[in-house]
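Here is a friendly walk through one predicted model, with charged pairs, strands and pockets in turn. Please keep the structure open beside you as you read.

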Amino acid sequence: MNFSGKNVLITGASKGIGAAISKELAKEGLKVWINYRSNPKLADSLKKEIEQEGGKAAVIGFDATDEDAFVEAIKTIVNSDGEISYLVNNAGITNDKLAIRMKKEDFTSVVDANLTSAFIGSREALKAMSKKRVGSIVNIASIVGESGNAGQVNYAASKGGMIAMTKSFAKEGAARGVRFNCVTPGFIATDMTDKLSEEIKESYVSNIPLKRFGDPKDIARAVAFLLSDDSSYITGEVLKVNGGLYM
Ligand code: NAP
């Protein structure tokens, strides 16, 4: 793929989809800034793995919901490398329950982790990228933000909001040379979906036309395309990577 930038920050990158995106982008030649929140060991071992394969990586710990910490992290990256070329807002959580049992805190904490964090990152990256009038940001939303899902009113609101936010950022960013797009994964085999019972997993798989959960690499390849110059005329787009579950 064709990348004109040098580095990328990936939030929530120590495991799952974020780790797969890190490996894919390092293979493409970018220096990968691996953000972790709670597990520095996992982040360090991912950095080592990338370096053993000949890639470049750095580890940066912060909670993506902490505005000051996120702002500081982007400053650190720009001071170190002279720029932030790309950003992937990947950090996310679930806290599933039926709406009638959902407390306000169950709702706001998920929106904060999934949507507000991506707003902070997108705003700060846009400021930094505007100076060079080039950049590309990908937000990891979800099929649930498109279709809705029982038991996930909080998560669906955060991911649906992320899709609308991405389109609005895309309209503001275009004049500054910065593109914003979303990837909406379906069911992908990570710790997040490992929590589901076997029965629920089987029932989901039976409804997926391609008859399997996705691999984190399936998401990583879509992200690489949307960040790269190969998608230079695409902005405000939502790329579904869901095995055909929601078309
Ligand atoms: P995962 O394995 O649970 O990993 C989530 C990562 O996000 C973890 O590294 C976690 O760090 C990090 N994180 C959470 N809150 C954070 C915060 N405030 N600051 C920094 N990092 C934070 O989940 P995943 O499946 O890879 O999911 C990655 C993204 O894809 C999420 O946005 C998720 O909503 C989205 N997605 C996943 C699926 C799926 O089927 N797996 C489907 C659709 C969308 P800690 O370990 O420290 O908490």
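Asp81 and Lys31 form a salt bridge, with their closest N and O atoms 2.9 Å apart; the term means a side-chain nitrogen of Lys or Arg within 4 Å of a carboxyl oxygen of Asp or Glu. This pair ties together distant parts of the chain, as Asp81 sits in helix H3 and Lys31 in strand E2, 50 residues apart. Asp81 counts as buried because its relative accessibility is 18% (buried is under 20% relative accessible area, exposed over 50%, partly exposed in between, with a 1.4 Å probe and protein chains only).

This is a predicted model, in which local features need pLDDT of at least 70 and side-chain atom pairs count only at pLDDT 80 or more, while totals for chains, interfaces and linings use all residues. Residues are numbered from 1 along each chain as its sequence is written, and side-chain values use heavy atoms, leaving out hydrogens and water.

The whole structure holds 16 salt bridges. Another one joins Arg123 and Glu124 (2.9 Å, N to O). Arg123 is partly exposed at 23% relative accessibility, whereas Glu124 is buried at 10%. Shared partners link Glu67, Arg123, Glu124 and Lys127 into one network of salt bridges.

Now for the strands. Helices (H or I, at least four residues) and strands (E, at least two) are DSSP runs numbered from the N terminus. Strand E4 (residues 86–89) is covered on both faces: Tyr86 and Val88 are buried on one side, Leu87 and Asn89 on the other. E4 runs parallel to E1 (residues 7–10), joined by three bridges, and parallel to E5, joined by four; pairing requires at least two DSSP bridges. Val8 stands opposite Tyr86, and Leu87 opposite Ile137 in E5.

Finally, the pockets. A pocket is an open set of points on a 1 Å grid over the protein atoms alone, where a 1.4 Å probe fits, with protein on both sides within 12 Å along at least five of seven lines; lining residues have an atom within 4 Å of a point. Volume is the space filled by probe spheres set on the points, which are joined across faces, edges and corners.

| Largest | about 1,100 Å³ | Gly92, Ile93, Thr94, Thr190, Met192 |

Which element gives the most to the lining of the second largest pocket? H4 does, with six residues.
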